[in-house]
Amino acid sequence: MQDKKNLLLVVGEVWFTPCGISNMTKLLLNYLIRSNLYNIKILIQGNKKSNLNDNYIIDIGKKIDVLKSMPVLINLVYWSDIIHYQSTSKIQILVNNVANFFRKRQIITFHGTDIWYANSADKHMQNLLNSVDDIISLSNGHLRELERRFNIRKSVYKSIVPYAFLELDTKINFNREKKTVFKIIVPKGFRYIKKSESDYYCKGLTQILPSGFLVSGQEYLVEAIKELNFEGINNIEILFIGDGDDKEIKDYVVKNNLTKNIIFLGRLNQKEVYEYYSQSNAMVCPSILESWSNIQIEALYFNIPVIASNTEGTKDQSNIYNFNNLYVFEIGDVQKLKEQIKNLMKKKNFDFESDKKLLNQKLTIDSIGKRFLNIYNRK
């Protein structure tokens, strides 16, 4: 029997949440453990709530002392056959320098919106991207953005591997038939696009808030609800879930007398979010920037129709997977968004089974995990 290879997952602190390491990381790790093809170690930076088996964890500490940590990194890299970076941070840069010396096989995954904020003038990032063997991205547009920002050598393999949806045990009991209010859930935090980037990403879009454009585009949904109210359609309730820089959009809601229609719930735990899922008739994701949007997939899993702007991840979800209950509109197109909300309010019959079948075929952790194995085994 062939000896198992040694796999080092370099997580750093990028993938950590207040509850520990992210669900997607944990799902991938559990899949790799089940596959029993690799000896696995995970390099993290000082997160005590790692919620992973300590047998796999190497904690280098939150504040990296290069002199003290270098012997540990050298031993880890020397042990490894494959090094998989989960996005970029200081620890990834240090490991990369050692791995280049030992000529180790290296893979990097870019997650979420990190690429939209990657500094194209960052020489460390440029060196990292041009020394790895494989670059994994969430969507085609995500990869195009990476190539726009960095001059990546042609010999680097480039792969698209989206998130798997979370195969949840949670059962949600819906009772939508008797409701007179159409509830829309929007589980997105509030963060502005950097002004230095807005000329590129927001060209041609109407600016609604004084400070600029929100990454998740919540202001366009507020504008759509304002117009629907003018038309006499005021039985809609928006549930904004998430924290961040929300002062201006809250002020805009108050100014336009929309406080009865729009509720800011702040940051909630997962159980609380699912409770609001059970009350919701639809999800709206009006983002300007989005790499994949796993919450859209999760909503479809829970039989919640989704209206989403045609960000790069949504384009892949719509064009490649062709979900029946994913309705797409142009970024910032308030009129189209408004019409899609009205159409959903009238719609009575939904084919959720076809979407669930697609999810179970294409986007489970097993199907996504096999894609990673294929990349790990590439020579």
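Visitor: Where does alanine 164 lie?
Guide: In the loop between β9 (157-160) and β10 (182-187). Keep in mind that this is a predicted model.

Visitor: Is alanine 164 buried or exposed?
Guide: Buried. Its relative accessibility is 0%.

Visitor: How far is the C-alpha of alanine 164 from that of leucine 359?
Guide: The two C-alpha atoms are separated by 8.7 Å. Along the chain, the residues are 195 apart.

Visitor: Leucine 359 then. Which residues of α10 and α13 make their contact?
Guide: Start with the geometry. Helix α10 (residues 294-301) packs against helix α13 (residues 352-362) at an angle of about 125 degrees. Their axes are 9 Å apart. The two helices are therefore oblique to each other. From α10, the contact uses Ile297, Leu300 and Tyr301. From α13, Asp355, Lys356 and Leu359 take part.

Visitor: How many of those contact residues are nonpolar, and how many charged?
Guide: Four are nonpolar and two are charged.

Visitor: Switching to α7. How many of its residues are buried?
Guide: 10 of the 13, so α7 is largely enclosed by the rest of the structure. The buried set includes Tyr220, Leu221, Val222, Ile225 and Leu228. Charged names turn up there too: Glu219, Glu223 and Lys226 are buried.

Visitor: What covers the buried residues of α7?
Guide: The cover includes strands β10, β11 (236-241), β12 and β13 (282-285). Helices α8 and α12 (334-346) are also among the covering elements.

Visitor: What span does α7 have, end to end?
Guide: Helix α7 (residues 218-230) reaches 19 Å from its first C-alpha to its last. That is close to the 18 Å expected at 1.5 Å a residue. Glycine 232 follows the helix, with a positive phi near 90 degrees.

Visitor: And α3, what span should it have?
Guide: Helix α3 (residues 90-102) has 13 residues and should span 18 Å at 1.5 Å a residue. Its end C-alpha atoms are 19 Å apart, which agrees.

Visitor: Which residues of α3 are buried?
Guide: Ile91, Gln92, Ile93, Leu94, Val95 and Asn96 are, along with Val98 and Ala99.

Visitor: What follows α3?
Guide: Arginine 103, with a positive phi near 55 degrees. That is a positive value in a residue other than glycine. Arginine 103 sits in the loop between α3 and β7 (105-109). With a relative accessible area of 77%, arginine 103 is exposed.

Visitor: What about asparagine 257, where is its phi?
Guide: Near 55 degrees, again positive in a residue other than glycine. Asparagine 257 is in the loop between α8 (247-255) and β12 (262-266). Its relative accessible area is 65%, so asparagine 257 counts as exposed.

Visitor: Zooming out. How many helices and strands are there?
Guide: The protein has 14 helices and 15 strands. Of its 379 residues, 54% count as buried. Taking contacts with a separation of 6 or more, 70% join residues 24 or more positions apart.

Visitor: What is the mean pLDDT?
Guide: The mean is 86, and 87% of the residues reach 70 or more.

Visitor: Where does pLDDT stay under 50?
Guide: Over residues 14-21. For that stretch, the model has 30 contacts beyond four places in sequence.

Conventions:
Residues numbered from 1 in each chain as written. Predicted model: local features only at pLDDT ≥ 70, side-chain atom pairs only at ≥ 80, totals over all residues. Heavy atoms only, no water. Axes fitted to C-alpha atoms, helices over the stretch in contact; angles between N-to-C directions. Helix = DSSP H or I, 4+ residues; strand = E, 2+ residues; numbered from the N terminus. Parallel < 35°, antiparallel > 145°, perpendicular 65-115°, else oblique. Contact = heavy atoms within 4.5 Å. pLDDT = per-residue confidence, 0-100. Buried < 20%, exposed > 50% of the residue type's maximum accessible area, 1.4 Å probe, protein only. Expected span 1.5 Å × (residues − 1).
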